[in-house]
Amino acid sequence: MEQIKKHFKEAQDALTQFISNPDSFKNIEAAGQILVRAIQGGNQIISCGNGGSMCDAMHFAEELSGKYRNDRPAYPAISISDPGHLSCVANDYGYEFVFSRMVEAIGKNGDVLFAISTSGNSENILKAIAAAKTKGMLVIGLTGKDGGKMASLCDVEIRAPESDYADRAQEIHIKVIHSLIDYVETHVNKR
């Protein structure tokens with residue numbers, strides 16, 4: 001039973017650290033403003049991540065294009081998670097290009113790349129960021145640890161507190177994702 005309780009205590013500690021850092025909320029608001037401007041400008045949000053972070057990227061996109069809490073128009077968001085695309089690119093070019101190839105294909109100036117990596121060092125995410133910058137896209141990054149190589153490449157980086165395992169960062173990331181979606185729902189139709 002103590003091991004179970006320990007998980008919840010670690011999660012609580014990570015959340016407390018995140019809340020006590022004033023940059024956390026400034027960065028969430030800055031990211032929210034980028035998303036709102038993109039949607040109001042007729043642009044799209046493209047999200048990506050590996051493993052659990054891919055699931056978070058999918059969750060983010062489906063809540064924007066579907067529904068979070070309120071009935072409203074669908075927002076243009078897509079995650080790079082199609083198995084046919086991923087396996088094709090991985091086979092023909094290498095796994096490090098699975099996200100950047102899609103950004104090259106559908107990304108355009110004014111779009112937003114929403115990139116998730118708990119280490120901040122996933123090679124395929126870094127290549128997606130480079131492709132996004134080439135297209136004139138803005139980049140919002142969800143990271144962990146010390147932010148990794150992504151930290152200096154993102155227009156806005158939202159970093160989960162340092163932890164020994166990715167699950168703590170992922171727990172912060174999903175809270176950030178929900179707060180961003182709520183921000184978008186609250187602000188897109190206000191002008």
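Trainee: What makes strand β1 (residues 45–48) and β3 a pair?

Mentor: DSSP has to find at least two bridges between two strands before they count as paired. β1 and β3 have four bridges and run in the parallel sense, so they pass. One example is Cys48, which stands opposite Ala115 in β3. Keep in mind that this is a predicted model: local features need pLDDT of at least 70 and side-chain atom pairs count only at pLDDT 80 or more, while totals for chains, interfaces and linings use all residues. Residues are numbered from 1 along each chain as its sequence is written, and side-chain values use heavy atoms, with hydrogens and water left out.

Trainee: Why does Val112 count as buried?

Mentor: Its relative accessibility is 1%. Buried means under 20% relative accessible area, exposed means over 50%, and partly exposed is in between (1.4 Å probe, protein chains only). So Val112 is buried. Five of the five residues in β3 are buried: Val112, Phe114 and Ile116 on one side, Leu113 and Ala115 on the other.

Trainee: What does Ser47 touch, not counting residues up to four places away in sequence?

Mentor: Contact means heavy atoms within 4.5 Å. Among those Ser47 touches are Ala57, Phe60 and Phe114. Ser47 is also buried, at 1% relative accessibility.

Trainee: Why are the rings of Phe60 and Phe114 called stacked?

Mentor: Rings of Phe, Tyr and Trp (its six-membered ring) pair if their centres lie within 6.5 Å; planes under 30 degrees apart count as stacked, over 60 as edge-to-face and the rest as tilted. The structure holds two aromatic pairs. Phe18 and Phe25 come at 6.2 Å centre to centre with 70 degrees between the planes, which is edge-to-face. Phe60 and Phe114 have centres 3.9 Å apart and planes at 15 degrees, so that pair is stacked. Phe60 lies in helix α3 (residues 52–65) and Phe114 in strand β3, so the pair ties together parts that are 54 residues apart in sequence.

Trainee: Is Phe25 buried or partly exposed?

Mentor: Partly exposed, at 43% relative accessibility, whereas Phe18 is buried at 6%.

Trainee: What makes Arg101 count as sitting over the ring of Tyr93?

Mentor: NZ of Lys or CZ of Arg must be within 6 Å of the ring centre and within 35 degrees of the ring normal. The charged end of Arg101 is 4.3 Å from the centre of the Tyr93 ring and sits over it.

Methods:
Helix = DSSP H or I, 4+ residues; strand = E, 2+ residues; numbered from the N terminus.
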